[in-house]
Amino acid sequence: MAPRVCPACGRLQGSNAGCLSCREAAARELADEARDVTPEAVPERVSRLAAFLRRTPWWARASPGHLRARVRLFWMVLHDYADGTYRRVPWKAIAALAAASAYVVSPVDLVPDFLVPVGWTDDVVVVALAWGFVKRELREYCAWKGLAPAHFGL
């Protein structure tokens, strides 16, 4: 699928966090990804994200550091949810985290990730949308886990 240009800002659609049309396009894509998340699918998403974090591709190592820290926090929450050790997260938050994680891990997205640094703009927007949606739950998780929320930008 060929990348589309946003009619409002002229950049690739979904890649400009300052453009309302781009944010809405990224939110629609995140919602589509979240529809595929079921309780049975969470462990599979956790294992894919763990493999991604364990052996990060070269183009992902060039990503902004805060993005990797946030994706790592997403993984920790999803991992503890899948294990059953932390279930105080609403299902909508789990779906948003799993969908955002799947989008970041997937090499096929709106802007290919190997086009450094442009390829990470859509991933940053998707992570930012999910981050804003579940920020309160992430703070509660950090308190439960004994993590410093400031490390992740909370």
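Helices here are DSSP runs of H or I with at least four residues, strands are E runs of at least two, and both are numbered from the N terminus. By that rule, the protein has 6 helices and 0 strands, in the order α-α-α-α-α-α from the N terminus on. Please keep in mind that this is a predicted model, in which local features need pLDDT of at least 70, side-chain atom pairs count only at pLDDT 80 or more, and totals for chains, interfaces and linings use all residues. Residues are numbered from 1 along each chain as its sequence is written, and side-chain values use heavy atoms, with hydrogens and water left out.

**The protein overall**
- Of its 154 residues, 45% are buried, meaning under 20% relative accessible area (1.4 Å probe, protein chains only).
- Among contacts (heavy atoms within 4.5 Å) with a separation of 6 or more, 58% link residues 24 or more positions apart.

**Helix α2**
- Helix α2 covers residues 42-54, 13 residues in all, and reaches 18 Å from its first C-alpha to its last, close to the 18 Å expected at 1.5 Å a residue; the expected span is 1.5 Å times one less than the number of residues.
- Its buried residues are Val 42, Arg 45, Val 46, Leu 49, Ala 50, Phe 52 and Leu 53.
- Seen down the axis of α2, these buried residues fall within an arc of 160°, so they line one face of the helix; the arc is that of the directions from the helix axis to the C-beta atoms.

**Leu 49, a residue to look at**
- Leu 49 sits in helix α2 and is buried, with a relative accessible area of 1%.
- Not counting residues up to four places away in sequence, Leu 49 touches Val 71, Phe 74, Trp 75, Leu 78, Ser 101 and Val 105.
- The C-alpha atoms of Leu 49 and Ser 106 are 9.6 Å apart, although 57 residues separate the two along the chain.

**How α5 packs**
- α2 and helix α5 (residues 91-105) pack at about 40°, with axes 10 Å apart; axes are lines fitted to C-alpha atoms over the stretch in contact, and angles run from 0 to 180 degrees between N-to-C directions.
- That makes α2 oblique to α5, as angles under 35 degrees count as roughly parallel, over 145 as roughly antiparallel, 65 to 115 as roughly perpendicular and the rest as oblique.
- The axes of α5 and helix α6 (residues 121-145) come within 9 Å and cross at roughly 160°, and the two helices are therefore roughly antiparallel.
- Residues making the α5 and α6 contact include Ala 96, Ala 100 and Tyr 103 of α5, and Val 126, Ala 130 and Phe 133 of α6.

Key: Buried < 20%, exposed > 50% of the residue type's maximum accessible area, 1.4 Å probe, protein only.
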